[in-house]
Amino acid sequence: MPTAIPEDSVGIVEPQIARFDTPLELACGRTLDSYELIYETYGTLNAERSNAVLICHALSGTHHAAGYHSMDDRKPGWWDAYIGPGKCIDTHKFFVVCLNNLGGCNGSTGPTSINPETGTTYGPDFPVMTVPDWVESQRRLSDYLQIDVWAAIIGGSLGGMQALQWSIHHPERMRNTAVIAAAPRLTAQNIAFNEVARQAIMSDPEFHNGRYAEHNTLPRQGLRLARMVGHITYLSEDSMGSKFGRDLRTDKINYGYDVEFQVESYLRYQGDMFSGSFDANTYLLMTKALDYYDPSAEFNGKLSDAVARARSHFLVISFSTDWRFSPARSEEIVNALTEAGKNVCYACIESPHGHDAFLIPNERYEAIFSAFMNRVADQTAGGVS
Amino acid sequence: MSLNRPDLKIIQEWVNPNDRVLDLGCGNGELLSYLQQHKQVHGYGLEIDPAKITTCVSRGVNVIEQNLDDGLSNFKDQSYDLVVMTQALQALRRPDLMLEEMLRVGKECIVTFPNFAYWRCRFYLALKGEMPVSKSLPHTWYDTPNIHLSTFRDFEQLCKDRQFRILDRAVGNSEHETHWATRIWPNLFGELAIYRVTR
């Protein structure tokens, strides 16, 4: 809990809800007749409405990217290190918008919402979402907020995929794109990890084919396992090693199957925290959206053709020890952009923190991210192009 | 804005408007920034120094973090009009292979490097019996990044062996010497070698 709000925080923030009644056609062939998106904003929209920045969230992210909901909050929003007054995404300069994606479980319409057709929760009947579906819903949120052109659209990991998709699909509605710790599509290994997570959830006896809410239960154990597997892929071997090594919880080995190593205890804790706060159907849906994403699919696998329509300036960032989306995956995006003759800057940031590095303070990451955002701000102010 | 480095001043004269330019070891992006504004080129710089990469981002130069010793395999054949490398050739593991790569990716290439046969270097070595240390070669032998020092004549021999055509040659001097002798005996009086090469 913050005893006082830090000076470089956006402070106490309050989520807002936008309701949409125009049917949204989805990639899966189904339609959502109406839905709500929950979002937060930080900073002030200027008179020209030209300083808006959209933040897209990752697998388990939410609309709460920065600040605190109350003085009782244990932690600020998930990207508070990078959003706030004087920070990389400077709320003195930008009007920042972050939403919870459709299919989420933090306030936007998703599996835990009531299906108007049945009067009960959607559960497994909520349609499977794709990155392009999300981008379309975000495009509608832009219209709702009367933002014609985003100064920048930014995302890390799965959020980076949304930012990339925006640049391809709505090039006229954005000036800059930051794609951080992302990949242009998943590898077989990435999909395999997601499948293990899904199987963990679906094989939990409390899953009930996704209708656990109707049975007044939760597939906690499955979700916990899914998160434990996922969490391993977010960290690097080095960071796990330096954080836990082979440290034991007690001073000796017990030759049993209870928690003995500190790393086991940590993973169980992470799993417990997550399974108490996240919806299993949402987790399944999010991993599917990841698996399906491939902007090059319509272009015979040529990513450079897929990005040919993009107009924005790109910043692509990877992290040296990220093995979930390794630097080589970011470089695929960079190579496609250079081949297509797009404006792009790329840096691979030295960090021990694996995939999670995009969320963690890092001097070099902050320097280059700030340099890019300062350019964005200069354009917004009508300066250099 | 204007260019500070004498080699860059000469190079920019050899660049055509609207060229697609790849600058290997682009540093702070000085050349690309100038060429973008004055020649409307579209270019990318490759660099590995974190602070220089950030400076490039700040001045709106497209910069890509890439180690030149890893090659240019991510760039397609003949995809650039011009590939430039200023004062980096001598620091690479295999300058000859890099030149091949530059001419695979670009229609032309421009390279600059310190001339080790410059009279001051010769004097230093001859009289002091020590590896030359100068303004253009500021490092001591044990910590220098310049592992493949060469001369005008060495370079021209390499071009002959590999059948590269030399389109232009210029001489750069840190003290802006414009002595007639540098044109006649560049290998002796030229501090910096500047070449424009094609296949």
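**Figure 1. A salt bridge between B:Lys76 and A:Glu339 in the predicted model.** The side chains of B:Lys76 and A:Glu339 form a salt bridge, with an N to O distance of 2.7 Å. In total, two salt bridges are found across the interface of chain B and chain A. The same interface holds twelve residue pairs in polar contact, with both residues of each pair at pLDDT 80 or more.

**Figure 2. Elements of chain B on the side that touches chain A.** Strand E2 (42-47), helix H3 (50-58) and strand E3 (63-65) of chain B each contribute at least two residues to this side. The most comes from H3(B), which supplies five residues. Sorted by class, the side of chain B that touches chain A comprises nine nonpolar, six polar and four charged residues.

**Figure 3. Contact and buried area between chain B and chain A.** In this contact, 19 residues of chain B meet 20 residues of chain A. About 1,500 Å² is buried between the two chains, and carbon and sulfur atoms give 51% of that area. On the chain B side, B:Tyr44, B:Val57 and B:Glu65 account for 33% of the area that chain B buries against chain A, more than any other three residues.

**Figure 4. The two domains of chain A.** Domain 1 of chain A is assigned to two segments, 16-185 and 293-381, and domain 2 covers 190-288. The centres of these domains, taken over C-alpha atoms, are separated by 26 Å.

**Figure 5. Contact and buried area between domain 1 and domain 2 of chain A.** Contact between the domains involves 33 residues of domain 1 of chain A and 26 residues of domain 2 of chain A. Together the domains bury about 2,300 Å², of which 59% is on carbon and sulfur atoms. Within domain 1, A:Leu59, A:Trp323 and A:Arg324 lose the most area to domain 2, together 29% of what that side buries.

Figure 6. Between domain 1 and domain 2 of chain A, the count is one salt bridge. The side of domain 1 of chain A that touches domain 2 of chain A has 15 nonpolar, 13 polar and five charged residues.

Key:
Residues numbered from 1 in each chain as written. Chains lettered and ligands numbered in written order. Predicted model: local features only at pLDDT ≥ 70, side-chain atom pairs only at ≥ 80, totals over all residues. Heavy atoms only, no water. Domains from an automatic or database assignment. Contact = heavy atoms within 4.5 Å. Buried area = accessible area lost by both parts, 1.4 Å probe. Salt bridge = Lys/Arg side-chain N within 4 Å of Asp/Glu carboxyl O. Nonpolar A, V, L, I, M, F, W, Y, C, P; charged D, E, K, R; others polar. Polar contact = N/O pair within 3.5 Å; in protein donor to acceptor, adjacent residues only side chain to side chain. Helix = DSSP H or I, 4+ residues; strand = E, 2+ residues; numbered from the N terminus.
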